[in-house]
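Here's a quick briefing on pockets and ring pairs. Have the model open while you read.

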Amino acid sequence: MEGFKVVKRDGKLVDFDFNRVVLALNNAYEDYYGEDFRYDFDVEIEDVLDNIYDEILLTQDDSISVEDIQNIVVI
């Protein structure tokens with residue numbers, strides 16, 4: 001998603017990076033289930049990333065807010 005930006009909570013624009021979303025999902029998963037719990041949820045992560053990508057394509061903007069990304073993940 002070259003050139004696409006994320007609006008951070010402080011208003012700063014940064015390059016969109018799917019790896020940051022994956023890291024956040026992994027961290028949330030470990031916080032909820034604990035570090036010792038093992039589960040292969042790569043398919044679920046791919047689904048979430050696909051949903052985010054689809055929503056981004058639907059926007060006419062060149063950026064998305066962190067809050068909008070979180071809303072997509074929760075839905």
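Does Tyr-32 count as buried or exposed? Tyr-32 has 66% relative accessibility, so it counts as exposed (buried is under 20% relative accessible area, exposed over 50%, partly exposed in between, with a 1.4 Å probe and protein chains only). One heads-up: this is a predicted model, where local features need pLDDT of at least 70, side-chain atom pairs count only at pLDDT 80 or more, and totals for chains, interfaces and linings use all residues. Residues are numbered from 1 along each chain as its sequence is written, and side-chain values use heavy atoms, with hydrogens and water left out.

**Largest pocket**

- The largest pocket comes in at about 490 Å³ (a pocket is an open set of points on a 1 Å grid over the protein atoms alone, where a 1.4 Å probe fits, with protein on both sides within 12 Å along at least five of seven lines; lining residues have an atom within 4 Å of a point). A volume here is the space filled by probe spheres set on the points, which are joined across faces, edges and corners.
- Its lining has 17 residues, with Arg-20, Val-21, Ala-24, Val-66 and Ile-69 nearest the centre.
- Strand 2 (13–15), helix 1 (18–33) and helix 3 (66–74) each give two or more residues to that lining (helices are DSSP runs of H or I with at least four residues, strands are E runs of at least two, numbered from the N terminus).
- Helix 1 has the largest share, six residues.
- By class, the lining splits into 12 nonpolar, one polar and four charged residues (Ala, Val, Leu, Ile, Met, Phe, Trp, Tyr, Cys and Pro are nonpolar; Asp, Glu, Lys and Arg are charged; the others, Gly among them, are polar).

**Second largest pocket**

- The second largest pocket has a volume of about 210 Å³.
- It is lined by 11 residues, and Leu-25, Tyr-29, Tyr-33, Phe-41 and Glu-44 sit closest to its centre.
- Helix 1 supplies the largest share here, five residues.
- The class count is 10 nonpolar, no polar and one charged.

**Aromatic pairs**

- The whole structure holds five aromatic pairs (rings of Phe, Tyr and Trp, the last by its six-membered ring, pair if their centres lie within 6.5 Å; planes under 30 degrees apart are stacked, over 60 edge-to-face, the rest tilted).
- Phe-18 and Tyr-53 are a tilted pair, because their ring centres are 6.5 Å apart and their planes at 40°.
- Phe-18 is in helix 1 and Tyr-53 in helix 2, so this pair ties together parts 35 residues apart in sequence.
- Tyr-32 and Tyr-33 pair edge-to-face, at 4.8 Å centre to centre and 85° between the planes.
- Tyr-33 is partly exposed, at 43% relative accessible area.
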